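Me: I'd like to learn how to read the contacts between parts of a protein. Could you walk me through an example?

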Amino acid sequence: MTTMFSGASNLAAGVDRAFIFIFAISFIFTIGIVVAMIYILIRFSRKRNKNPQQFSGNVPLEIIWTVVPLILVLFMFYYGWVAFAPMRKVPKNSMEVKVIGRMWSWSFDYGNGKISPDLVLPLDKNVKLNLFSEDVNHGFFVPAFRVKEDVIPGYKNYMWFQPIAKGSYDIYCTEYCGLAHSSMLAKVVVVDSLEFKTWLADLKVVSNDHPGMAVLKANACITCHSLDGTKVIGPSFKGLFGAKRNVLTDQGEKEVVADADYIKRSILDPNAEVVKGYNKGLMQSYKDVLKAEDIDKIVDYFKKSSEQK
Ligand code: CUA
């Protein structure tokens with residue numbers, strides 16, 4: 001259980017300090033301005049001042065109302081900066097968990113097919129969360145940890161923190177992402193490290209692969225075609241769907257768009273259009289290897305993964 005001013009992560013103290021500082025200054029100024037307004041209303045009312053006087057310029061006053069706020073906002077900047085800067089510097093020894101947001105749920109991927117609906121973390125250990133969206137913009141927010149980051153399709157966002165108090169804390173989505181946005185909830189559960197190890201060992205392995213990915217793996221396509229943009233034997237699958245490709249055909253060079261038809265042609269007749277910079281004759285036709293429905297799954301995989309990008 002945490003109260004308003006006892007955050008459950010190492011980053012909370014800095015955020016709270018900046019917040020309290022800005023809040024206190026705003027509070028003092030609100031009171032001061034309202035009191036001054038009431039005083040001026042009474043003191044300079046028409047009843048007390050039959051003949052109005054004109055004033056223009058007051059150098060000392062202008063210096064004061066420029067310098068004082070300047071100093072205050074510089075302090076606000078300082079407190080904000082010292083809280084924010086460490087948030088973007090991930091310590092090297094951090095444990096990594098992939099956070100997947102979708103309409104309208106969260107999943108936490110610990111690697112090796114271990115995926116959990118709640119985020120279970122060991123106490124006092126640095127953790128880096130890699131934030132992925134399968135569809136639209138989401139926001140990953142753990143109020144007790146004072147951390148919040150956008151989860152954007154096609155953008156590799158991240159956050160890190162160290163949980164410093166055992167307990168169960170709420171996770172919210174903070175970008176309006178459709179009908180059930182407000183029920184896109186999950187929990188962070190912070191346990192001691194032994195309990196975490198047992199929990200992770202017991203977590204059931206589920207395959208998160210798209211059926212098309214399963215076909216690509218089963219046929220070892222990804223041995224020659226990388227998923228991360230690396231040039232191997234054939235062109236990478238990264239960002240394939242809808243991309244423009246320069247290919248060499250028997251009629252010479254031409255530009256094609258990697259749409260469903262192109263992907264099907266490349267699987268069935270790989271040497272008819274060879275992407276420029278790669279060699280002909282290294283891939284055989286998969287006409288007799290893959291069923292039509294498997295090819296459709298592959299096309300769908302590329303289509304879906306391009307929508308994420
Ligand atoms: Cu996801 Cu709102």
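This is a predicted model: local features need pLDDT of at least 70, side-chain atom pairs count only at pLDDT 80 or more; totals for chains, interfaces and linings use all residues.

Me: Which domains is the protein divided into?

Reply: Domain bounds come from an automatic or database domain assignment. Here they give domain 1 (12-88), domain 2 (95-202) and domain 3 (211-307).

Me: How many residues of domain 1 are in contact with domain 2?

Reply: Contact means heavy atoms within 4.5 Å. In this model, 6 residues of domain 1 touch 8 residues of domain 2.

Me: What area is buried between domain 1 and domain 2?

Reply: Buried area is the accessible area (1.4 Å probe) that two parts lose on being put together, summed over both. For this pair it is about 600 Å², with 39% given by carbon and sulfur atoms. On the domain 1 side, A12, M87 and R88 lose the most area to domain 2, together 72% of what that side buries.

Me: How many salt bridges are there between domain 1 and domain 2?

Reply: A salt bridge puts a side-chain nitrogen of Lys or Arg within 4 Å of a carboxyl oxygen of Asp or Glu. The count between these domains is 2. D16 forms a salt bridge with R146, and their closest N and O atoms are 2.6 Å apart.

Terms used. Residues are numbered from 1 along each chain as its sequence is written. Side-chain values use heavy atoms; hydrogens and water are left out.
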